[in-house]
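Morning, everyone. Let me put the structure up, and then we will walk through it piece by piece.

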Amino acid sequence: MPVVRLLPPDVVSRIAAGEVIDRPASVLKELIENSLDAGAARIAVETLGAGRELLRIADDGRGMEPADCRSAFERHATSKIADFSDLDSLCTFGFRGEALFAVAAVSKVTLTSRAAGSRKGWRVELRGGRLVSEREAPPSEGTVIEVRDLFFNTPARAKFLKSDASERSHLARVVEEAALANPGVSFSLKSEGRGVLRFDSHAAGGAAEALRLRACEVLGPELGRGMLAAEAKTDGVELLALLSAADSLQATRSLQYVLVNRRPVANRTVQQALYRAYEPFRAKNRHPAAVLCLTVPPDQVDVNVHPTKREVRFRKEQALYELIARAASRTLLTAKGIPTLLPQAGRGSLPPARQPEFPAPRLHEAAHAYAPAFHTASGGARPAAPERPREEAGWFPQSLRYLGQIERSYLAFENDGGLLVVDQHAAQERVLFEKYLGQILSGEVPVQDLLLPIPVELPASAVHSLLGLRKRLKKIGFSVEPFGKSLQVLSVPAVFQKSADVKDVVHGLLEGLLSPAAAAADARYDATATIACKASVKAHDSLSPAEAVELLASLRRCADPSCCPHGRPTMLNLDRAELARRFKRSGAPPL
């Protein structure tokens with residue numbers, strides 16, 4: 001008996017839909033691209049149930065004739081290309097003819113449209129890919145498409161959707177990317193009946209000015225206004241970019257947008273070129289905010305790599321790499337007043353640049369930042385209590401005499417004729433890390449309510465993500481709430497004393513807690529290490545002798561005092577014998 005059989009058409013359509021449609025955000029992306037291909041200047045999005053119950057997209061584009069309204073939902077039906085050779089001159093977002101077919105296969109769809117110049121509109125309704133009804137409709141401008149009950153006929157796929165907050169974040173990210181790629185188009189997003197995003201059209205002025213105005217709307221005025229503009233052109237490829245300054249790097253990669261021919265993409269070559277330009281300035285776990293807009297001839301880029309069209313390939317990857325790296329490097333170096341003697345394309349690497357200087361104000365030990373009473377993340381108020389001392393590590397010197405600070409960064413101690421040098425930042429980072437991690441594990445994180453909440457500017461997609469993690473954030477001492485289009489921090493762990501540190505840590509939490517590749521324990525470790533780093537005394541901060549001795553005593557009580565949470569050593573110990581060897585003596589002099 002034969003075991004190979006043809007699948008029924010409805011089963012084939014549901015399986016095929018999974019290649020294109022995997023969540024409400026992918027539906028929204030396809031429909032927005034259709035609106036842009038139709039020449040829309042205004043796109044309004046409305047969602048209910050995080051896009052599961054309803055996705056409604058209305059535009060003022062060219063609209064469709066009644067016959068096109070029906071055929072648009074047929075598989076591989078498209079107005080974008082006629083034969084395979086058209087892919088080499090593709091100037092539209094869509095071309096496969098799969099999006100509407102895939103959407104209709106797993107939802108209930110209603111499409112209402114009126115062709116430009118027509119006096120009547122047309123409406124078609126589909127359920128699970130089958131045409132239910134079609135009839136004349138009021139002649140409203142453009143096209144309105146409503147997608148209801150997504151995955152109603154594929155419940156197994158619906159189970160893999162994330163929380164409402166996560167899905168709303170992905171929906172907002174789609175609108176943000178489309179808005180950055182198309183500054184001349186106005187966008188709005190309404191979620192659960194409440195306006196979330198609104199981006200007005202910026203058609204006047206040049207492309208660079210329009211991009212900056214849109215970046216200020218998406219990323220926030222503080223970040224958008226401070227970004228550096230970079231432009232370059234070679235062999236038909238044009239680059240227009242906005243880059244964060246070398247001394248304004250972020251703790252998250254989520255503020256990077258790559259747009260190729262107005263299409264949001266992910267490409268490793270572009271990312272490597274960007275990070276190559278920042279290499280002389282970038283510390284570990286610091287990332288540039290960037291909007292990279294590339295205009296590439298259609299025959300030099302392949303968008304037919306994956307059904308989602310998120311991945312692209314370039315015909316001249318090396319030339320593109322050099323264009324981005326050189327333009328970004330020139331912009332960063334010029335902004336810092338460094339001569340830009342860059343090599344010719346293909347002749348070696350970029351020249352080294354000096355490290356930027358970060359002056360730090362004087363501050364006392366961060367562990368004592370808040371002297372008043374505090375409460376814990378788990379609830380009740382309690383007074384500050386001294387930490388229960390651990391058994392001191394036996395290999396620490398018992399007899400020490402403090403000598404002073406070196407470069408206001410290292411603490412020097414005499415140790416029985418030897419020398420112990422301690423990195424003050426790494427040492428306190430280890431102390432606060434173990435203390436704070438222990439508090440998290442015990443559920444007793446000391447929390448300080450802020451007299452004035454600290455506003456943190458983030459894209460709406462990032463705000464939705466963090467608000468969805470409010471319970472997890474509260475367990476580690478942070479309380480956040482919506483504030484206009486962004487959010488504000490109401491309370492923080494009791495190790496903080498500077499608002500700039502709080503803002504930076506919020507970005508770090510966004511990177512660590514939302515990373516799908518990171519295990520929960522790794523994310524908790526990274527977030528705790530980031531908080532400890534930001535709360536610790538910095539290089540070039542003055543410490544009194546009493547503070548220096550107390551820091552070393554606290555380091556002694558750590559379970560692992562040898563290095564900071566990021567792996568840097570906390571101390572260098574030169575005993576009497578080692579000093580004698582360094583000076584080529586036969587032995588240590590007698591005490």
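Cavities to start: there are 7 of 30 Å³ or more. The search runs on a 1 Å grid over the protein atoms alone, and a cavity is a set of points where a 1.4 Å probe fits but cannot get out. Grid points are joined across faces, edges and corners, and a volume is the space filled by probe spheres set on the points.

Before going on, the ground rules: this is a predicted model, where local features need pLDDT of at least 70, side-chain atom pairs count only at pLDDT 80 or more, and totals for chains, interfaces and linings use all residues. Residues are numbered from 1 along each chain as its sequence is written, and side-chain values use heavy atoms, with hydrogens and water left out.

The largest cavity has a volume of about 100 Å³. What lines the largest cavity? Thr234, Asp235, Val237, Val296, Gln300, Phe314, Lys316, Ala319, Leu320 and Leu323 do, lining residues being those with an atom within 4 Å of a point. By type, the lining splits into 6 nonpolar, 2 polar and 2 charged. Here Ala, Val, Leu, Ile, Met, Phe, Trp, Tyr, Cys and Pro count as nonpolar, Asp, Glu, Lys and Arg as charged, and the others, Gly among them, as polar. Helix α10 gives the most to this lining, with 3 residues.

Now the chain as a whole. It has 17 helices and 24 strands. These are DSSP runs numbered from the N terminus: helices are H or I with at least four residues, strands are E with at least two. Take contacts, that is, heavy atoms within 4.5 Å, between residues at least 6 apart in sequence: 68% join residues at least 24 apart.

Next, an open sheet of 5 strands. Its order is β9-β10-β13-β11-β12, with mixed pairing. Two strands pair if DSSP finds at least two bridges between them. β9 (228-234) and β12 (263-264) stand at the edges with a single partner strand each, so one side of each has no neighbour in the sheet. β11 (256-260) and β12 run antiparallel, joined by 2 bridges. Leu259 has Pro264 as its bridge partner in β12.

Axes are lines fitted to C-alpha atoms, for helices over the stretch in contact, and angles run from 0 to 180 degrees between N-to-C directions. α10 (317-335) also packs on the sheet, touching β9, β10 (237-243) and β13, at about 145° to β9.

Then α9 (268-278). Why is α9 largely enclosed by the rest of the structure? Because 8 of its 11 residues are buried. Among them are Leu274, Tyr275 and Arg276. The buried residues of α9 pack against β10, β11, β13, β15 (313-314) and α10.

Last, a second sheet. 4 strands form an open sheet, β18-β19-β20-β24, with antiparallel pairing. β18 (401-406) and β24 (571-574) are the edge strands, each pairing on one side only. The twist averages 20° from one strand to the next. β18 and β19 (410-415) share 5 bridges, and Gln405 stands opposite Leu411 in β19. α11 (424-442) packs on this sheet, touching β18, β19 and β20 (418-423), at about 70° to β20. α16 (545-556) touches β18, β19, β20 and β24, at about 75° to β19.

Definitions and conventions:
On a 1 Å grid over the protein atoms alone, a cavity is a set of points where a 1.4 Å probe fits but cannot get out, and a pocket is an open set with protein on both sides within 12 Å along at least five of seven lines; lining residues have an atom within 4 Å of a point. Buried means under 20% relative accessible area, exposed over 50%, partly exposed in between (1.4 Å probe, protein chains only).
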